[in-house]
Amino acid sequence: MAGSLNKVQLIGNVGADPEIRRTQDGRPIANLRLATSETWKDKDSGERREKTEWHTVVCFNEGLCKVIEQYVGKGDKLYIEGQLQTRKWQDQQGNDRYSTEIVLQNFNGTLTMLSGKRDDDRGGDSSGGRSSHGGDNYQGGGGRDPNAGSQGGRQDQRGNFKRDLDDDIPF
């Protein structure tokens with residue numbers, strides 16, 4: 001058995017449009033905030049209570065960054081799978097600060113879009129690149145086409161799935 005495991009799985013809503021930055025050599029880094037909530041009924045008052053936890057997600061996978069940049073926006077529901085990392089940095093006063101983030105690395109990250117159809121101008125079509133009947137799944141992999149990792153044999157996010165269904169069945 002392995003000595004340890006560092007794996008985080010979250011389903012939540014994106015709190016603001018993702019921020020895409022680039023390294024000096026042009027590689028993208030996506031940052032987003034994901035909110036997870038739990039609700040319960042207070043035993044004493046009978047009122048419904050809610051607690052929201054905010055998570056910082058950082059993506060270094062180039063393919064996933066492209067998907068995030070093109071298709072993910074504020075309010076979208078996502079499933080992400082990555083690793084927990086804490087980094088140390090210094091503020092302007094020289095004090096040590098710590099940030100704990102969920103990191104999607106090149107070979108170790110998954111992003112599944114759970115939001116349904118959305119009418120907006122991202123992606124150039126009315127579905128915003130999303131399937132209206134389910135989530136689109138992208139997994140990290142070195143240099144892979146981000147559209148090649150989606151489920152259902154889909155090769156492109158903009159309609160090849162429907163074209164594939166029109167093929168003649170040989171039996």
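The dialogue below goes through the strands, the nonpolar core and the surface of this predicted model.

Tutor: Because the model is predicted, local features need pLDDT of at least 70 and side-chain atom pairs count only at pLDDT 80 or more, while totals for chains, interfaces and linings use all residues. Residues are numbered from 1 along each chain as its sequence is written, and side-chain values use heavy atoms, with hydrogens and water left out.

Student: What makes up the secondary structure of the chain?

Tutor: The chain has two helices and eight strands, in the order β-β-β-β-α-β-β-β-β-α from the N terminus; a helix here is a DSSP run of H or I with at least four residues, a strand a run of E with at least two, and the numbering starts at the N terminus.

Student: Why are β1 and β5 called paired strands?

Tutor: Two strands pair if DSSP finds at least two bridges between them, and strand β1 (residues 8-14) and strand β5 (residues 77-90) are joined by six, in the antiparallel sense, so they meet the definition. Within this pairing, Gly 12 has Leu 78 of β5 as its bridge partner.

Student: What makes a set of residues a nonpolar core, and which residues have the most contacts inside the largest one?

Tutor: Such a core consists of buried Ala, Val, Leu, Ile, Met, Phe, Trp, Tyr and Cys residues joined through side-chain atoms within 4.5 Å, where buried means under 20% relative accessible area with a 1.4 Å probe, protein chains only. The largest has 20 residues, and those with the most contacts inside it are Leu 34, Val 57, Cys 59, Ile 68, Leu 78, Ile 80 and Leu 111. Helix α1 (62-71) gives the most to this core, with five residues.

Student: Which residues are in contact with Ile 80, leaving aside its neighbours within four places in sequence?

Tutor: Contact means heavy atoms within 4.5 Å, and on that basis the partners of Ile 80 include Val 8, Leu 10, Leu 34, Val 57, Ile 102 and Leu 111.

Terms used. Buried means under 20% relative accessible area, exposed over 50%, partly exposed in between (1.4 Å probe, protein chains only).
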